[in-house]
Amino acid sequence: MTDRSGALAIISNRAPYQLKERFGRLSCERNVGGLVSVLDEMMCRSGGTWIAWGEGWGSCDEVGIPPDAPAYSLRPVPLTDQEVNHYYHGFSNRVLWPLSHYFLDRCHFRSEYWRSYQAVNEKFARAFRESGRHHDLVWIHDFHLTLLPALLRKGRPHLSIGFFWHIPFPASPVFRVLPWREEVLRGLLGSDLIGFHLPLHAEHFLRCVQDVIHTPVDCENGSILYDGRVIKVGVFPVGIDFRKWSDLASSPIIAEKARELREELGAKYIILGVDRLDYTKGIRERLLAFERFLEKYPQFHGQVCMIQTAVPSRTRVDEYRSLRREIDECIGRITGRFTARKWIPLRYLYRGFPIEELVTYYLAADLALITPLRDGMNLVAKEYVASRVKQDGGLILSEFTGAAGTLTDAIIVNPYDIEGLADAIHFALSMPDTEKRRRMERLRQAVKERDVYWWCETFLKSLAGRREPSQ
Ligand code: GDG
């Protein structure tokens, strides 16, 4: 095997590739997904190692990526069924996820989840040490691995460690509810650079460190003095691959498919919602607002059709199973109430689509309703904007998404305000074309300027700039 050792290591919960068995042969299949694909491309250029949970990888302990012309190494971390249940479905998805999105009543603070979370973070640290390569920079992703920075720091005091937190960071009175708040913060403080999407999330984090760890914090400059080191806290709003979405949407085949879709639906106005089925995404509230819109503005009957797609997600977690039932019931009630002989006001698609089909939906819509109750960023909003190559279409966006920080030309709403949301739909559909175009031009500019390549580059430059001379 050629030497693929490089300066950079990426560590994340999910791997960029899946191992598949076909006709008795093992092959690596790339996971589709915006961010992962871009990081994968970056690793193919830079070389190095990617360490991630290796679901279904069996005894395989390292593989060259891409398999046909290896540029970097992927080291899978195998997890037992119990670890998957306690570390992933438990502490990650039933503690840190709801806590960070302000859903305290959905948190299950169970000590067996915590113990497993600690053990799995240690497993990731071992995998890094055992990779046997020299890495100067490590970039850790997300809330599944908060203890890892401090674990890596122990053995390598001069290693440059960056951590990016992809979801909202809650305000101190909320975060402090966590029984293991101190351990989680001390874990993160093993980093040299901690990145968030929004200044608000960074402020919350700094405030939590002040309240829980009682160490000097400079909120103005975003830095923390801890354990004799200065830790930088920065804001790096994640972007998308603007060019990729824009090129896809410019393809004549996709444009034709979007035209056919509009013809099939036979509605003058198409409203679109695209989400993972998650209680943070505000799908139920959005459906209630659509129902209220139909009650309040009967002149739109027969003219409007809402498409809601929902990718099945975390189906082993109880909260997600009951959410699915709730959404099914809501959809049934609305279609039962309003469907007429020649008009179906609501179409619900409970599955994921190939990216080409997703762009077709983005392109066919007149209005996207992106109304999470809380979201770190929300990439769907940016993908929709990048796909509007004719600079048309409206966007209603929740004020509680990170995206609202930069997409200020969207119609910004409070997703909990059902009446206000119903009125916003009416406002958006009644907006003159010139105004829609003016807004969309500015939205596209904002998404294009800070794309995912900008995000990777600025984060890594900032991390490299913090390196101390090695000793
Ligand atoms: C977390 C944070 C933050 C959706 N349906 C299909 C499909 N998707 C893709 C979209 C988009 C992705 O899923 C969803 O990304 P989001 O950003 O909206 O949400 P999370 O998954 O919760 O991501 C979030 C993000 O991390 C990055 O930092 O923005 O706040 O929660 O890319 O395109 N993809 C395909 N078919 C579908 O049907 N192929």
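Visitor: How many aromatic pairs does a search of the whole structure find?
Guide: This is a predicted model: local features need pLDDT of at least 70, side-chain atom pairs count only at pLDDT 80 or more, while totals for chains, interfaces and linings use all residues. Residues are numbered from 1 along each chain as its sequence is written, and side-chain values use heavy atoms, leaving out hydrogens and water. Rings of Phe, Tyr and Trp (its six-membered ring) pair if their centres lie within 6.5 Å. The search of the whole structure finds 31.

Visitor: Are the rings of F163 and W165 stacked, edge-to-face or tilted?
Guide: Planes under 30 degrees apart count as stacked, over 60 as edge-to-face and the rest as tilted. The ring centres of F163 and W165 are 6.4 Å apart, and their planes meet at 35°, so the pair is tilted.

Visitor: Is F163 buried or exposed?
Guide: Buried means under 20% relative accessible area, exposed over 50%, and partly exposed in between (1.4 Å probe, protein chains only). F163 has a relative accessible area of 0%, so F163 is buried.

Visitor: Which residues do ring pairs link into a cluster with F163 and W165?
Guide: W165 is itself buried, at 1% relative accessible area. Ring pairs join F163 and W165 with F169, F175, F196 and F205.

Visitor: Is D227 buried or exposed?
Guide: Most residues other than glycine have a negative phi. D227 has a positive phi, near 55°. Its loop runs between β11 (223–226) and β12 (229–235). With a relative accessible area of 66%, D227 is exposed.

Visitor: Where is Y102 found?
Guide: Y102 is not a glycine, yet its phi is positive, about 70°. Its relative accessibility is 28%, so Y102 counts as partly exposed. Y102 lies in the loop between α2 (81–100) and α3 (111–130).

Visitor: What radius of gyration does the protein chain have?
Guide: This radius is taken over C-alpha atoms, and the globule rule is 2.2 Å times the number of residues to the power 0.38. For 471 residues, a compact globule would come near 23 Å. The protein chain agrees, with 23 Å.

How values were computed: Helix = DSSP H or I, 4+ residues; strand = E, 2+ residues; numbered from the N terminus.
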